[in-house]
Amino acid sequence: MATSVEIGATSVTKKALMAVSGIVLTVYVVLHFAGNLLYFAGPEALDAYAALLHRNAALLWSARAVLFASFCVHVVVALDLYMRKQVARPISYGRYERAASSLGARTMIWTGLVLLGFVVYHVLHLTLGFAHPAYVPGRVYSNVSVAFASVVPTVIYVVSMIALGLHVSHGVLAMTQSLGLTLRRDRLRGLQRLSVILALIVALGLAAIPITALALSLTRGR
Amino acid sequence: MRIALEVWRQRSPEEPGRFVRYETAEASPDMSLLELLDVVNEDLVRKGEEPIAFDSDCREGICGTCGFMVNGLAHGPLKGAAACQVYLRNFRDGETLFLEPFRAKAFPLIKDLVINRSALDRIIAAGGYVSVNTGNAPEANTSTIPKDFAEEAMDAAACIACGACIAACPNASAALFTGAKITHLGKLPQGQPERGRRALRMVRAAAAEGFGHCTFAGECETACPKSIPLQVITQMNRDYLAARLRGEGRAPTRHIEPGTPKRRR
């Protein structure tokens with residue numbers, strides 16, 4: 001109860017915070033996905049794209065600040081709400097079945113925790129270059145190729161992208177209702193499909209990069 | 001037909017409860033689940049044991065008095081049906097049914113399958129009303145209502161306050177119930193003056209009762225014996241957030257004492 005008082009407000013306000021920060025994170029994931037697709041266009045295209053992003057330091061750091069703030073809000077409010085769940089039902093059911101929840105909805109907190117760990121690892125791995133065997137700033141393509149030449153990081157990334165897909169598939173749907181946006185049933189159905197399709201595209205597209213890099217290094221090594 | 005029951009028995013809120021197994025060969029496929037409990041209870045009374053306490057009144061799905069978990073599902077396996085509308089033909093022969101009370105912090109257990117749902121009454125009292133003029137009844141059809149709005153209001157008004165939405169919710173959220181009340185009145189012209197304040201007060205009342213948050217998993221809609229749509233939750237969020245953004249109920253009172261000098265000296 002103490003934590004909820006600090007953040008204040010009812011669960012509707014907290015869910016609105018989750019939704020707004022979720023929108024920022026979703027937009028970022030889609031942009032990041034679109035940019036990363038340049039991996040398939042070859043080393044020059046990807047490195048040029050990376051250089052473009054770093055050209056305006058002020059813009060880069062303000063984008064990072066917004067992202068970091070959204071990420072913190074999303075994580076802190078999610079944990080606060082999750083802890084309130086136990087408070088709302090202190091004695092759990094002997095038998096309890098979920099008849100309607102999608103896989104994404106059931107696993108939201110767990111995929112969220114996986115993504116929290118992944119984001120920390122990902123930043124250390126490919127942004128800062130710690131936990132990387134041969135990191136050269138600015139040489140994005142070669143950094144990626146070297147990073148995914150081994151199996152363990154590739155597996156971590158692919159599992160995390162499955163978690164991302166599940167998280168987005170429910171998150172995109174839930175954020176619209178948290179903000180009171182989808183009042184019509186037929187539109188809700190469409191949105192449900194849209195969020196699953198978006199999740200599939202983003203997760204498959206992003207997971208394809210480490211898998212391709214691993215496959216390329218394996219064929220080259222042979 | 002043979003049906004075995006595993007019923008949650010708890011003499012009082014203070015004492016620990018447990019599942020107790022009851023078997024009966026007297027079950028018929030045409031019996032309702034509540035009638036099976038009646039048969040089991042008659043047997044218990046004959047044996048001089050304490051009968052199973054459970055709530056029921058109309059037994060035709062309109063009053064909202066009955067309700068418990070059947071094999072982990074609120075009101076049992078059927079959509080759009082309260083526990084009293086579930087018949088033994090809806091189960092397999094030889095099946096074991098786990099009957100458990102609705103569980104939430106805001107629903108304190110009284111005995112066996114009986115819980116105290118007055119938290120829902122307090123949510124309604126917080127804002128589930130409209131202001132009307134006293135005096136003569138207004139001319140019929142004075143305020144016209146679009147057909148779609150009337151339908152949506154009616155769908156929401158079907159709520160019988162049984163508590164199944166809360167029981168089925170993984171977070172014990174009262175969002176479907178509160179949303180139904182807010183939508184029911186907020187969609188009609190008579191409900192407009194208090195619309196923002198109603199959303200604020202009912203959502204806050206639900207939070208104060210200790211109900212959880214909504215994750216839009218959809219369990220409540222499936223459990224609801226009146227099949228109230230999830231959109232009522234979206235409506236609740238919209239009305240609540242709109243009222244918050246407008247700063248509803250926060251307008252500062254402005255009082256100027258008559259006789260105060262116009263120019264500061």
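**Where the chains meet**

Biologist: What makes up the contact between the chains, and how many residues does each one bring?
Modeller: Chain B puts in 38 residues and chain A 35, where a contact means C-beta atoms, placed from the backbone, within 7 Å. This is a predicted model, in which local features need pLDDT of at least 70, side-chain atom pairs count only at pLDDT 80 or more, and totals for chains, interfaces and linings use all residues. Residues run from 1 along each chain as its sequence is written, and chains are lettered from A and ligands numbered from 1 in the order in which they are written.

Biologist: Which elements of chain B supply at least two residues each to that side?
Modeller: β5 (96–100), α6 (195–209), α7 (219–223) and α8 (231–246) of chain B. α8(B) gives the most, with nine residues. These are DSSP runs numbered from the N terminus: helices are H or I with at least four residues, strands E with at least two.

Biologist: How does the chain B side divide by residue class?
Modeller: Into 17 nonpolar, 13 polar and eight charged. Ala, Val, Leu, Ile, Met, Phe, Trp, Tyr, Cys and Pro count as nonpolar, Asp, Glu, Lys and Arg as charged, and the others, Gly among them, as polar.

Biologist: How do you know what confidence the predictor has in the complex and in chain B?
Modeller: The complex gets an ipTM of 0.89 and a pTM of 0.92. Chain B averages a pLDDT (confidence per residue, from 0 to 100) of 94, with 100% of the residues scoring at least 70.

Biologist: And where in chain A is the pLDDT below 50?
Modeller: Chain A averages 92, and 96% of the residues score at least 70. Over residues 1–7 of chain A, though, the pLDDT is below 50, and that stretch has eight contacts beyond near neighbours in sequence.

Biologist: What is chain A built from?
Modeller: Nine helices and zero strands. The C-alpha atoms of chain A fill a box of roughly 55 × 40 × 35 Å along the principal axes.

Biologist: Why is the packing of α2(A) on α9(A) called oblique?
Modeller: The axes of α2 (residues 11–36) and α9 (residues 185–221) of chain A come within 10 Å and cross at roughly 40°. Those axes are lines fitted to C-alpha atoms over the stretch in contact, with angles from 0 to 180 degrees between N-to-C directions. Under 35 degrees is roughly parallel, over 145 roughly antiparallel, 65 to 115 roughly perpendicular and the rest oblique, so α2(A) is oblique to α9(A).

Biologist: Which residues meet there?
Modeller: Val29(A), Val30(A), Phe33(A) and Asn36(A) from α2(A) meet Val202(A), Gly205(A), Leu206(A) and Ile209(A) from α9(A). They divide into six nonpolar, two polar and no charged.

Biologist: Last one: how is chain B divided into domains, and how many residues do they share in contact?
Modeller: Domain 1 is 3–110 and domain 2 is 117–131 + 143–246, with bounds from an automatic or database domain assignment. Their centres, taken over C-alpha atoms, are 28 Å apart, and 19 residues of domain 1 of chain B contact 18 residues of domain 2.

Technical notes: Two residues are in contact if their C-beta atoms, placed from the backbone, lie within 7 Å.
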